[in-house]
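The model comes first, the notes after.

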Amino acid sequence: MRISASGRKYIFLVNPISGTAQKSGLQKKLLDAALTFGVPAIVLPTVASGNYKFVQQKIEEEGYTDVIICGGDGTVNQVIGSLRKNDVNFGIIPMGSGNGLAFSAKIPKTFSRAVDLVFTGKGAYTDAFMVNDQFACMLCGVGFDAKVAHDFANQPSRGLLTYTQQTFKNFLSTGTYHFEMQVDNHLINTESFFISIANSNQFGNQFTIAPKASLDDGLLDIVVVPKMSKAILPFALIQQISGGALTGTSKKSKDTIQYFQAAKLQLKNKDLAPLHIDGEPKETAELFNIKVIPKSFRLIRPQ
Ligand SMILES: Nc1ncnc2c1ncn2[C@@H]1O[C@H](COP(=O)(O)OP(=O)(O)OP(=O)(O)O)[C@@H](O)[C@H]1O
């Protein structure tokens, strides 16, 4: 395979089932774009197992420099989690249901603009984090949002509409869970609907649960949504997503969302609330040790 003037060589990984976007003809569009930019490229399907040893081998043996993920956050998690120790740039063409990391990184929604960016942009160091021994790059959560992620994964269709339906269904039935959190020198006991721990500012679809989050500040944004009346909850969430200010770890008053930042925390999950990592349902645990990995990987994003 030839070498481009830029020295870059691309592998596109396409998830055939993510989101609702039609993927027929995608391979040709990607290869045509690569030709236009004078860059060698191949297109491969993603794998449900998340085992990307075959891509790692290609990178090491054939000198690929850029791995571009055409899918959503679950695919982004699996690909970057597997290949982050390789010296490559990662790019995202947002084709998932939520696209939280892509939108947080200001990667364009429009296909042609996202494609232009992966060929013309540079990789910028981006934080990730570990949830016990599992890799995360966008956001993890315990409680209500994780129950939605579990139910969403069991639906026959994906996309925003299915996600919204599952959110409303769970909103009606959800209860609260007890947690104990150790952050810096503070011990927080809370009964909450959910706790989000975020590197990206959002769940996806611009639902910015952690509006102050930065992808490269070496910090995680922690949002605790405590027990409150379900009549108030939607308004508290709207206030949070439209620019919730950091409150610190000390609880100011009942019925308010707590929002603070830390590089690590320990979370006791007393009621075994469900867990999601980057929007994917995961087996829960009684104890989570959560720690940021500063500058974990390079993501092609507007700078
Ligand atoms: N070839 C494949 N066949 C079936 N499933 C796959 C394949 N490749 C990846 N997957 C799985 O598809 C699931 C969903 O992918 P992804 O997260 O990209 O889409 P999404 O859930 O629609 O979007 P988002 O996470 O942004 O909401 C992931 O669990 C991933 O492991």
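Strands β7 and β9 (residues 186-198) pair in the antiparallel sense over 5 bridges; two strands pair if DSSP finds at least two bridges between them. This is a predicted model, in which local features need pLDDT of at least 70 and side-chain atom pairs count only at pLDDT 80 or more, while totals for chains, interfaces and linings use all residues. Residues are numbered from 1 along each chain as its sequence is written. Helices (H or I, at least four residues) and strands (E, at least two) are DSSP runs, numbered from the N terminus.

**Strand β7**
- Within the pairing with β9, Cys140 has Ile197 as its bridge partner.
- β7 also runs antiparallel to strand β13 (residues 275-277), joined by 3 bridges, and Gly141 stands opposite His276 there.
- Of the 5 residues of β7 (residues 139-143), 5 are buried, so the strand is largely enclosed by the rest of the structure.
- A residue is buried if 20 or more other C-beta atoms, placed from the backbone, lie within 10 Å of its own, exposed if 12 or fewer, and partly exposed in between.

**Helix α5**
- In α5 (residues 111-120), the residues Ala114, Val115, Val118 and Phe119 are buried.
- Seen down the axis of α5, its buried residues fall within an arc of 135° (taken from the directions from the helix axis to the C-beta atoms), so they line one face of the helix.
- Exposed residues Ser112, Arg113 and Thr120 sit on the face turned away from the buried side of α5.
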